[in-house]
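Take a first look at the sequence and the model below. The text that follows walks through selected parts of the fold.

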Amino acid sequence: MTTEHIHLMAKWLQDPVVLAFYEGRDNPFDEEKVRRVFLEEKDIAIPCIVSYHGQPIGYIQYYEVNKEHQKEYSYDSPAGKVFGMDQFIGETSYWNKGIGTKMVATMVGFLQKELGAERIILDPQVENRRAVAVYEKCGFQQIKLLPKHEWHEGVKRDCWLMEWRAE
């Protein structure tokens with residue numbers, strides 16, 4: 001992701017349909033907030049724009065899970081590399097076409113082959129059944145309920161800790 005993508009991210013993160021699943025409808029992003037959160041407040045996450053047939057359609061980020069992050073999840077990882085990832089398709093006309101599954105599977109392959117990931121974790125909201133189904137198609141398993149884990153639209157929501165393991 002670069003500064004040229006700020007307008008796209010702001011467009012996506014002002015769409016109530018997208019925000020219902022990512023960030024919350026009560027938390028829209030203008031261009032300044034996108035710049036600050038995704039480009040200036042760089043933490044451990046690597047932000048990426050997802051393209052499909054040359055068209056930017058969404059966002060994905062990945063990060064190596066550090067010890068503090070593992071404690072947040074009460075997750076005891078084995079020795080080796082554990083990564084986390086978050087994503088959304090911002091162009092809603094691309095929803096329900098199998099593209100999310102391809103996007104997640106591609107990132108899993110990249111993390112495993114290029115960065116040596118032995119495990120990858122996600123924390124979707126329990127109510128986001130479509131996302132959970134995509135992750136299960138890509139080999140993730142629900143390993144722990146995280147009660148009241150994420151603040152979303154004025155309520156603490158339950159999430160699943162989901163894990164993919166290298167064979």
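Helix H5 passes helix H6 in a right-handed crossing. This is a predicted model. H5 covers residues 99-115 and H6 covers residues 129-137. The two helices pack at an angle of about 50°, and their axes lie 9 Å apart. H5 and H6 are therefore oblique to each other.

Which residues of H5 and H6 meet? From H5 come Gly-100, Thr-101 and Val-104. From H6 come Val-134, Tyr-135 and Lys-137. By class, this contact of H5 with H6 has 3 nonpolar, 2 polar and 1 charged residues.

Now the sheet. It is open and has 6 strands, in the order E1-E2-E3-E4-E6-E5. The pairing is mixed. Strand E1 (46-52) and strand E5 (141-152) stand at the edges. Each has a single partner strand, so one side of each is left without a neighbour in the sheet. From one strand to the next, the twist averages 30°.

H6 also packs on this sheet. The helix touches E3, strand E4 (117-122), E5 and strand E6 (155-165). The direction of H6 makes about 10° with that of E6.

Strands of a sheet pair through backbone hydrogen bonds, either parallel or antiparallel. The table lists some antiparallel pairs.

| Strand pair | Sense | Bridges |
|---|---|---|
| E1 and E2 | antiparallel | 7 bridges |
| E4 and E6 | antiparallel | 4 bridges |
| E5 and E6 | antiparallel | 8 bridges |

Pro-47 stands opposite Gln-61 in E2. Strand E2 itself spans residues 55-64. Arg-119 has Arg-165 in E6 as its bridge partner. Gln-142 stands opposite Met-162, also in E6.

How many residues lie between E5 and E6 in their hairpin? There are 2. In the turn, Glu-153 has a positive phi of about 55°.

Asp-86 sits in E3, which runs over residues 81-89. Is Asp-86 buried or exposed? The relative accessible area of Asp-86 is 19%, so this residue is buried. The cut-off for buried is under 20%.

What does Asp-86 touch, leaving aside its neighbours within four places in sequence? Its contacts include three tyrosines: Tyr-22, Tyr-59 and Tyr-63. Ile-60, Gln-61 and Asp-123 are also in contact with Asp-86.

Conventions:
Residues numbered from 1 in each chain as written. Predicted model: local features only at pLDDT ≥ 70, side-chain atom pairs only at ≥ 80, totals over all residues. Heavy atoms only, no water. Axes fitted to C-alpha atoms, helices over the stretch in contact; angles between N-to-C directions. Parallel < 35°, antiparallel > 145°, perpendicular 65-115°, else oblique. Left-handed = near helix turned anticlockwise from the far one by under 90°. Contact = heavy atoms within 4.5 Å. Nonpolar A, V, L, I, M, F, W, Y, C, P; charged D, E, K, R; others polar. Buried < 20%, exposed > 50% of the residue type's maximum accessible area, 1.4 Å probe, protein only. Pairing = 2+ DSSP bridges.
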